[in-house]
Amino acid sequence: MAKIEIYTKGYCPYCHRAKAFLSDKGLTFTEYKIDEQPELRPEMIQRSNGGITVPQIIINQEPIGGCDDMMALVANNKFDELIAA
């Protein structure tokens, strides 16, 4: 199973949408709440190749971007391939 990590903030609607999508697919993920742990923000930026907005989603150590980026993978039938790897 894919290792999915997501950096979030509690008030972010895109974060809620991304987490709901992952949960609806039955996928487990590790969530890092940077509003509760601001010391993780530099780590998020580094791991996401400079991404400064939330959510930042990382699958199997590969940064895929935010919620819209993940939904684009779904629309292009590439998400299932990514999580199967």
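Me: Which residues does Thr8 touch, not counting residues up to four places away in sequence?

Reply: Contacts of this kind are a way to see what surrounds a residue beyond its own stretch of chain. In this predicted model, Thr8 touches Cys15, Lys19, Glu31, Tyr32, Lys33, Ile34, Asp35 and Val54. With Glu31 there is also a polar contact, made between the two side chains at 2.7 Å.

Me: Is Thr8 buried or exposed?

Reply: A residue counts as buried when its relative accessible area is under 20%. Thr8 has a relative accessible area of 0%, so Thr8 is buried.

Me: Where does Thr8 lie, and in which strand?

Reply: Thr8 belongs to strand 1, which covers residues 4-8. An open sheet of four strands has the order 2-1-3-4, and its pairing is mixed. The edges are formed by strand 2 (30-33) and strand 4 (62-65), each of which pairs on one side only. Neighbouring strands of this sheet are turned against each other by 25 degrees on average, direction ignored.

Me: How many bridges join strand 1 to strand 3?

Reply: Strand 1 and strand 3 (residues 56-59) run antiparallel and are joined by four bridges. Within this pairing, Tyr7 stands opposite Gln56 in strand 3.

Notes
Residues are numbered from 1 along each chain as its sequence is written. This is a predicted model: local features need pLDDT of at least 70, side-chain atom pairs count only at pLDDT 80 or more; totals for chains, interfaces and linings use all residues. Side-chain values use heavy atoms; hydrogens and water are left out. Helices (H or I, at least four residues) and strands (E, at least two) are DSSP runs, numbered from the N terminus. Buried means under 20% relative accessible area, exposed over 50%, partly exposed in between (1.4 Å probe, protein chains only). A polar contact is a pair of N or O atoms within 3.5 Å; within protein, one must be able to donate a hydrogen and the other to accept it, and residues adjacent in sequence count only if both atoms are side-chain atoms. Contact means heavy atoms within 4.5 Å. Two strands pair if DSSP finds at least two bridges between them. Axes are lines fitted to C-alpha atoms, for helices over the stretch in contact, and angles run from 0 to 180 degrees between N-to-C directions.
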